[in-house]
Amino acid sequence: MNIIVCIKQVPDVKEVSWDPKTGSLIRKGIPSIINPNDKNAIEAALQLRERHGGEVTVLSMGPSQVEDALREALGMGVDKAIQLTSKEFAGSDTWATSYALGLAVRKIAQYDLIICGKEAIDGMTAQVGPQLAECLNIPQLTYALEIEVTNSKVKIKQKLGDFHRLLEAPMPALITVEREANKPRVAPMDTILEAYGKEITLWDADDLDGEDENFGLKGSPTKLTRVYTPKLIKGKVEMLEGGPEEAARKCVEKIRARYII
Ligand SMILES: Cc1cc2nc3c(=O)[nH]c(=O)nc-3n(C[C@H](O)[C@H](O)[C@H](O)COP(=O)(O)OP(=O)(O)OC[C@H]3O[C@@H](n4cnc5c(N)ncnc54)[C@H](O)[C@@H]3O)c2cc1C
């Protein structure tokens with residue numbers, strides 16, 4: 001079984017701050033990491049390979065530093081890595097990102113499953129997985145907690161709020177995984193160092209059979225008009241005296257008095 005895992009390199013948001021004047025992220029000096037949820041996608045793919053054999057290929061679009069994320073994925077045990085880097089891809093919104101990833105998947109050609117994280121911790125749209133499935137015209141199974149493959153079909157347990165659904169689709173198909181799906185293995189330092197000796201396939205816009213006007217900023221219908229921190233509404237805090245029951249009763253009375261319930 002051949003599995004493609006899409007991974008995004010993101011700034012480590014624990015370390016990120018905003019420039020209050022420009023409203024933009026201060027990325028300078030911020031370490032980059034594999035999007036945490038994409039490590040769950042890698043882990044899911046490696047577990048499927050352990051059960052069914054085959055190959056796992058990681059695919060990432062981004063600037064040249066994306067190489068580090070791909071090396072770490074190789075260190076975790078994936079078989080191949082493909083990096084999409086080109087000045088034409090700069091400024092891609094989720095549509096243009098999915099378009100370029102879709103062309104790369106078509107070029108890879110032989111695949112049974114694509115696994116993405118549910119969402120990236122920086123952009124947080126959760127759009128790229130579903131849009132990529134649409135680009136490729138294949139079924140999408142989102143928010144997977146568990147994945148099972150039998151007889152050319154894939155089944156997942158999907159997390160939808162407080163309840164679960166069991167979904168099934170023929171392969172090839174695309175899955176997005178939840179953070180709770182598994183515990184990603186940690187790549188030992190020596191295998192990461194070994195991964196620096198492995199080959200990474202590098203594709204630019206010319207290697208993809210696409211239309212130039214659909215790449216990058218030109219091909220991005222989303223326009224970011226403003227980024228800002230919403231003003232915090234500061235309210236008066238009132239402490240309710242008494243034990244839990246008495247405090248809860250007083251709280252209900254106060255809410256009733258304001259006709260909220
Ligand atoms: C007008 C505009 C310009 C932008 N310009 C840039 C820019 O120049 N540089 C930049 O870094 N961002 C840019 N962005 C942000 C960029 O669009 C998003 O970061 C990107 O499309 C992914 O969206 P997301 O972060 O919401 O990912 P989500 O949709 O939340 O990600 C879901 C999953 O999709 C997969 N995935 C997402 N992105 C990639 C990727 N690049 N490669 C492989 N797999 C991926 C991962 O598995 C991930 O877990 C721009 C956005 C806009 C609106």
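Student: Which residues in α1 are buried?
Tutor: This is a predicted model. In α1, the buried residues are Asn-37, Asp-38, Lys-39, Asn-40, Ala-41, Ile-42, Glu-43, Ala-44, Ala-45, Leu-46 and Leu-48. Each is called buried because 20 or more other C-beta atoms lie within 10 Å of its own.

Student: What makes the span of α1 agree with its 17 residues?
Tutor: At 1.5 Å a residue, α1 should span 24 Å, and its end C-alpha atoms lie 25 Å apart, so the two agree. Just after α1 comes Gly-53, with a positive phi of about 75°.

Student: Why is α6 said to lie largely in the open?
Tutor: Of its 14 residues, the number buried is zero, so α6 lies largely in the open. From first C-alpha to last, α6 (residues 244-257) reaches 20 Å, close to the 20 Å expected. Tyr-259, which follows α6, has a positive phi near 60°.

Student: Which residues have the most contacts inside the largest nonpolar core?
Tutor: They are Val-5, Ala-73, Ala-100, Ile-115 and Ile-175, in a core of 58 residues. Helix α3 gives the largest share of this core, seven residues. Leaving aside neighbours within four places in sequence, Ala-100 is in contact with Met-61, Leu-84, Phe-89, Ser-92, Leu-208 and Phe-215.

Key
Residues numbered from 1 in each chain as written. Predicted model: local features only at pLDDT ≥ 70, side-chain atom pairs only at ≥ 80, totals over all residues. Helix = DSSP H or I, 4+ residues; strand = E, 2+ residues; numbered from the N terminus. Expected span 1.5 Å × (residues − 1). Buried ≥ 20, exposed ≤ 12 C-beta atoms within 10 Å, placed from the backbone. Core = buried A, V, L, I, M, F, W, Y, C linked by C-beta atoms within 7 Å. Contact = placed C-beta atoms within 7 Å.
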